[in-house]
Amino acid sequence: MKQVLVAMAMVFGLGLTSQAKADIPAWACNMTFKGQASGLKVIVGKYHLAAKGDLRCVSASGVTESYPITLKAKSHFIGPQVALGKVAFVGAAANIALFTNNPQDLLGNYLLAHGQASVIRGVGVLAALHTDIPAITVNLSLQFTKGFGVNLGFEKLKIELDQDRM
């Protein structure tokens with residue numbers, strides 16, 4: 001199933017980074033991840049998402065880089081979100097990046113709009129906008145979920161190197 005998700009991420013448009021200089025390679029990157037989300041929130045409450053995965057990038061010149069990553073989202077006590085339940089998920093994401101010279105520019109803070117729904121099995125989508133300068137990155141994700149829950153809202157997402165798997 002992981003290969004299907006990676007193929008779907010490629011079809012949905014692995015973005016090439018723009019080149020600021022002719023000698024800086026463009027990168028095509030994707031992420032795969034597995035995690036869970038749980039909590040209870042209807043404007044007020046608590047909901048969090050945690051996942052581990054891999055960021056894989058290939059430059060236009062054929063150089064490949066791979067990094068183990070963690071994804072974390074924890075909602076504020078009050079915020080625009082309706083969420084309840086607990087779901088496990090597996091997903092893949094395509095990164096559309098501008099003004100990045102290095103795959104590690106994709107790490108950092110994102111503003112996240114997401115929706116997940118699952119009654120035994122389900123699906124989810126994430127759209128995230130990178131908020132760290134100088135990178136301008138949009139991350140689009142498709143997930144397959146298992147469990148019972150619904151999650152619709154906005155929050156902050158942090159993508160970091162997974163120091164435990166380095």
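Biologist: Does Asp-162 count as buried or exposed, and at what relative accessibility?

Modeller: In this predicted model, Asp-162 counts as buried, because its relative accessibility is 3% and buried means under 20%.

Biologist: Which residue forms a salt bridge with Asp-162 at 3.0 Å?

Modeller: That partner is Lys-52, with 3.0 Å between the closest N and O atoms. The pair links distant parts of the chain, 110 residues apart: Lys-52 belongs to strand E1, and Asp-162 to the segment after E5. Lys-52 counts as partly exposed, at 42% relative accessibility.

Biologist: And what does Arg-165 form with Asp-162?

Modeller: Arg-165 forms a salt bridge with Asp-162, the closest N and O atoms lying 2.8 Å apart. Through shared partners, salt bridges join Lys-52, Asp-54, Arg-56, Asp-162 and Arg-165 into one network.

Biologist: Where do Arg-165 and Asp-54 lie?

Modeller: Asp-54 is in strand E1 and Arg-165 in the segment after E5, so their pair ties together parts 111 residues apart in sequence. Their salt bridge spans 3.8 Å from N to O. Asp-54 counts as buried at 17% relative accessibility, whereas Arg-165 is partly exposed at 37%.

Biologist: How many salt bridges are there in the count?

Modeller: The count comes to 5.

Biologist: Changing topic: how many cavities of 30 Å³ or more does the structure hold?

Modeller: There is 1, and the largest cavity contains about 40 Å³ of space. Its lining includes Met-31, Phe-33, Asn-139 and Ser-141.

Biologist: Which element gives the largest share of that lining?

Modeller: E5 does, with 4 residues. By class, the lining has 8 nonpolar, 2 polar and no charged residues.

Notes. Residues numbered from 1 in each chain as written. Predicted model: local features only at pLDDT ≥ 70, side-chain atom pairs only at ≥ 80, totals over all residues. Heavy atoms only, no water. 1 Å grid on protein atoms, 1.4 Å probe; cavity = no way out; pocket = protein on both sides within 12 Å on 5 of 7 lines; lining within 4 Å. Points joined across faces, edges and corners; volume = space filled by probe spheres on them. Helix = DSSP H or I, 4+ residues; strand = E, 2+ residues; numbered from the N terminus. Nonpolar A, V, L, I, M, F, W, Y, C, P; charged D, E, K, R; others polar. Salt bridge = Lys/Arg side-chain N within 4 Å of Asp/Glu carboxyl O. Buried < 20%, exposed > 50% of the residue type's maximum accessible area, 1.4 Å probe, protein only.
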